[in-house]
Every structure is written in C-alpha cells, then in structure tokens.
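Student: I would like to learn how to read backbone angles and ring contacts in a model. Could we go through them one feature at a time?

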Amino acid sequence: MIENRQKFKVVCDVETSGSCPIRNGVISACILIIDEHCNVVDEFIRNVCPPNLTKKWWSLEAQGIHGISYETVQTYMSNDQFCYELLIFLGKYKAEGPLDFICHANPSGWFSKTEGWIIIKWFDYNFIEWCFRKATFQDGIEMVWTMNKVLSSRQLISTVKMGKEAGHKKNNLKVWSERIGFDLKHHDPTSDTYCCLEVYKHLRAINDHENDIRNQLQNGVQEPSGLHNIFSTNQKFTT
C-alpha cells in the first residue's frame, strides 16, 4: 500500500448502541490527531447519547461487548453537542485540506447472523458521519455545509486492509495487540484508538522498509547485508 503523506491525520474508534447506524448511534468515541511522524498532537474523547434512543433498538449484544448500559448512556452528552464540539476540534486541522481517517475497520461490509443484517463498511467513520446526519443544528444549512467540509476525507485508511496486504491472516485488534505487545483494554474506544495507531505505525514501517528495498533494487543497489525483511527477523509478526 502506497499512501500519500500529509501533515495531519485522524485516528478514530467508536463504540455504538448497535450495528445499524439508522437505528443506533455512537455512544463513546476517541479521535486522535497525529502528525506526519505519527506523534499524537491532540485528542478528542466523548461519551454520547444517540438521538431518539429507545430500548427497542438498544442492542444487548453490543452492551455485552462494551459493557455500557442503556441507563448510563442516558446521562451522556447529546448527539448535537457531540457533533458541534467535533466540528470545532477537526476544524483546527483542516487548513491543508481534507484529512486522512485511519481506523481498524473492514473496508467492506459483512453479514451478521446475530444482528440479521449487513454490517456497514468503514464502521467507525460511517457511524461518525451518521451522527451528523441525525443532528438538528440551529444553524441549519450553514452547519451542514461545515460538516461536509470538515468530515470530507482525503483518504480512508484501514489497518485491517494494511494487515491483509502485509500477509497477515488474522487482523482482529486483540490479535494485533498481542503481536505488538500493546496492553489493550478491548472495546474501550481510547485504548482501541491508541492500539490502532500502534498497528498503523508498525505496518507503515514495514511498508516503508519494503519501498526502500524496492527503490534500491530499481536503482541497481544491492540490499546491505545488515538489512533483512522484517518478517524474517521477527517471526512473531507473521501469524
């Protein structure tokens, strides 16, 4: 995978009240801003009560995953307030144009037998987008225009896809945390987001290394004896 580099990127993860963005919504989110060296320069962490949330559409399966109750979510900030604060947060980093969004999400949808419908692709990004579709801003059209400008992504980057392209058959975030030695509190969006960042950094380093080797071969330069493919020197990353 060859990606364009820019000054700022977004790394995000969300927990939701269910898997359907129309019936359900974001209940907890962590969004990081990283620079071109993958250093975290800012973070946005919020708990949210989705609009028109009812027990009818509350997913007990989702609750079993993230451990947050329906009653607890009722005490969280409104979806409108979440969207407003997120617009301000992301707006600070949009001077150079649309941002890349990185998430540990599948770039294609899949059918969930337990939920009974197709789980949307780019899960985290799309659920955030649906927060704005449901928002009822007083500013009306002007706020919707701002939303489209701020949320428009230059590129969506999936660490799941990057892992597959690097030859990994298992790309669950928990599996990745064990590969790279990250102390993951799975389904806590802050922990998941920081783990996703570490996975991205690891896979980007592999990609950069392979590109360097490819460039050397194209230029007729042999690989120095001290350089070896990362997969051959660190076997625990090849599962």
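Student: Is His187 buried, partly exposed or exposed?

Tutor: Keep in mind that this is a predicted model. Burial is read from relative accessibility, where buried means under 20% and exposed means over 50%. His187 has a relative accessibility of 28%, so it counts as partly exposed. The residue is placed in the loop between α7 (173–180) and α8 (189–218).

Student: What is the phi of His187?

Tutor: The general idea is that most residues other than glycine have a negative phi. His187 has a positive phi of about 75° although it is not a glycine. Cys38 is found in the loop between β2 (26–34) and β3 (40–49), and at 5% relative accessibility it counts as buried.

Student: How many aromatic pairs does a search of the whole structure find?

Tutor: Ring pairs are read from the distance between centres and the angle between planes, with planes over 60 degrees apart counting as edge-to-face. The search finds seven aromatic pairs. In one of them, the ring centres of Phe8 and Tyr93 are 5.1 Å apart and the planes stand at 70°, so this pair is edge-to-face. Because Phe8 lies in the segment before β1 (9–16) and Tyr93 in the loop between α3 (79–91) and β5 (99–103), the pair ties together parts that are 85 residues apart in sequence. Phe8 is buried, with a relative accessible area of 16%, and Tyr93 counts as buried at 13% relative accessibility.

Student: Which kind of aromatic pair do Phe44 and Phe89 form?

Tutor: Phe44 and Phe89 form a tilted pair, with 5.2 Å from centre to centre and 40° between the planes. Phe44 belongs to strand β3 and Phe89 to helix α3, so this contact ties together parts that are 45 residues apart in sequence. Phe44 is buried at a relative accessible area of 1%, and Phe89 is buried at 6%.

Student: Which residues do ring pairs link into a cluster?

Tutor: Ring pairs join Phe8, Phe44, Phe82, Phe89 and Tyr93 into a cluster.

Key:
Residues are numbered from 1 along each chain as its sequence is written. This is a predicted model: local features need pLDDT of at least 70, side-chain atom pairs count only at pLDDT 80 or more; totals for chains, interfaces and linings use all residues. Side-chain values use heavy atoms; hydrogens and water are left out. Helices (H or I, at least four residues) and strands (E, at least two) are DSSP runs, numbered from the N terminus. Buried means under 20% relative accessible area, exposed over 50%, partly exposed in between (1.4 Å probe, protein chains only). Rings of Phe, Tyr and Trp (its six-membered ring) pair if their centres lie within 6.5 Å; planes under 30 degrees apart count as stacked, over 60 as edge-to-face and the rest as tilted.
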